[in-house]
Amino acid sequence: MSGAALGLEIVFVFFLALFLLHRYGDFKKQHRLVIIATLLAWYLCFLIVFILPLDVSTTIYNRCKLAVNSSPAESNGSYVTLAPSKQKCFKPWSYIPNGIMPIFWRVVYWTSQFLTWILLPFMQSYARSGGFSITGKIKTALIENAIYYGTYLLIFGAFLIYVAVNPNFNLQWNQLQTIGIAAANTWGLFLLVLLLGYGLVEIPRSHWNGAKRGYLLMKTYFKAAKLMTEKADAEENLEDIMEEVRKVSESIKYNHPLRKCVDTILKKCPTEYQERMGRNMDDYEDFDERQNSYPSEKSLVKLHKQVIYSVQRHRRTQVQWQILLEQAFYLEDVAKNETSATRQFVHTFHSQEPENKIIQYFYTPTVEWYWECLLRPWFYRVLAVVLATFSVIVVWSECTFFSTKPVLSLFAVFIQLAEKTYNYIYIEMACFLTIFFLSICVYSTVFRIRVFNYYYLASHHQTDAYSLLFSGMLFCRLTPPLCLNFLGLTHMDATISHKNTQPTAYTSIMGSMRVLSFIADGFYIYYPMLVVILCIATYFSLGTRCLNLLGFQQFMGDSEMTSDLIDEGKELIRREKRKRQRQEEGENRRREWKERYGNRDDSTRNRAVHTDQKESSFTETNANRPLSKYTRSNGRTERDRIELLQDAEPLDFNADSVNNDPLESDSGRYQPGGRYLSMSRSKIFDDV
């Protein structure tokens, strides 16, 4: 059982990261390297969060063994008994042997740092590049990252020169490594506190507001109005880009050297635009003889980049609009069903996707009504109270974790109480819940924030490659300081507890922060207190109000602009609802008509086939008989068929003579001037 827990968590975390990446990314359309790099970054960060509680329980057991070895003791099986106090040090079920965790943490940490500082920034520029070859994309990525990499190399080089020249510093390689780790963790802690202060307030408040049906419906109307504006903007932008592509496609013919680049751009366009612009692709043009101004390869690279961005944005807004419509329709159904006397949930529209039979069997309309109209609001309220309690404990501990005598951090109190009884299951559960809640507050903010249209994690496979890679960078930079902050809250970090005890394996690879005392004793201790100010600002929605003043419409109940957008969104939803109802009514009428007259149509069709067989047999028996002028025969039918085939040929309306074909002269089908006399009133009923 020593390595079973570690192995199970490694496998579970991998599938968790794969599930989340499948929800936000698109495995079929996005590049495999982007998927692999993002999956590796997410996987390593989630793995640190899940494995750290095992490291804590193993460290507590190792401390117990050290205490036993320093005092008279008796060994008995899987635990050690202290002679004076008769206490037992049980080996935890998830115990990891010595030597495994340091290697594991070293591999995970340095791999994540290589991803966040070197590989992922390069892949971001590579994914955004509009180059038409691998070499061109690599060249563009290197140029864009030259300033990024050069800044870090300049700072690091200046620091090395200062250390080499100053005789007061005698730094070794381990100390330089610790300084680099401290610099990375300082940057991560700075961003961590900002995201944590927002998540500690917004997550409980969002669940509390989730119990308010009217609030959710009004916010959905508000989102609909904003999304419609973004959707129209995306469609207009796509039309402009496609117009530029059309001009380029018409100017550069298939025999031009840059035609391959144009074909690559056309493949990235939507199908309807490809069909529209594909008509003039085969026209030949001698570009050497004509002195036309053709676009350069650099301008085509820029156009390729714009096409990729505009198509992705247009597709994302279309999908988000459909999802928002389904959400709005469902919330309106909930509001209608709250006053239902039958206590059965009735949907306005049937689900377009086939439902699972097992879910449909257990989740009946009655169960759905009780859950949506009665139980779900109370469940969200209880969950919001629990999350708010956790938030208060986190804020209190962040402000008091530096106090060791007395211990004021509540998380440290819980861990120390469990450590006295060596209840490893309680220790692991307390550690896991603590770090899991901190991770939820930080990571959920990463998933919610949106930096214009450059960074935006959209669900239902609508996140672009640039945003996926950027999220991997953020996770790799935020997770190490998050874990150090957790160890500080629980006083498992010797820098905070000021005890000469065995550190955790995770802390050992970070090195001693005493090399930089102003960071260890100053920034790491007092900066997390700013989370109180950030929580107060989030509670009063100061950031939302500032964005609203700057012109970025935000959902605020006391704003006139918000009321106007809610009314606009409500009208848009009503319009889409009427449109959907007309479509369903038309489909129902066609289905009823088919069910009512389907058999009659089949019998009519069979009767027609039987009649044709009789006529064909009658024609075969009379094929050798002489035809009379006044008898009804099949000759007229054959002539009509020949005429229908001849109608497909082009007519010469400037002909001076009339064709003397007896088929045409007898029927009077064609006369000089291109007139069809068979369509006149006197000729319509001649065969009747």
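How much accessible surface does the protein chain have, and what share of it belongs to carbon and sulfur atoms? In this predicted model, in which local features need pLDDT of at least 70, side-chain atom pairs count only at pLDDT 80 or more and totals use all residues, the accessible surface comes to about 40900 Å² (Shrake-Rupley method, 1.4 Å probe), and 60% of that surface belongs to carbon and sulfur atoms. Residues are numbered from 1 along the chain as its sequence is written, and side-chain values use heavy atoms, without hydrogens and water.

The chain contains 24 helices and seven strands, taken as DSSP runs (H or I, at least four residues, for helices; E, at least two, for strands) numbered from the N terminus. Of its 688 residues, 39% are buried, meaning under 20% relative accessible area with a 1.4 Å probe, protein chains only.

Beyond neighbours within four places in sequence, the contacts of Trp 42 (heavy atoms within 4.5 Å) include Leu 20, Phe 447 and Phe 475.

An unreviewed UniProt entry annotates residues 224-251 as a coiled-coil region; such annotations may be inferred rather than shown by experiment. In the model this span is 100% helix and 0% strand, with its end C-alpha atoms 40 Å apart.

Methods
Buried means under 20% relative accessible area, exposed over 50%, partly exposed in between (1.4 Å probe, protein chains only).
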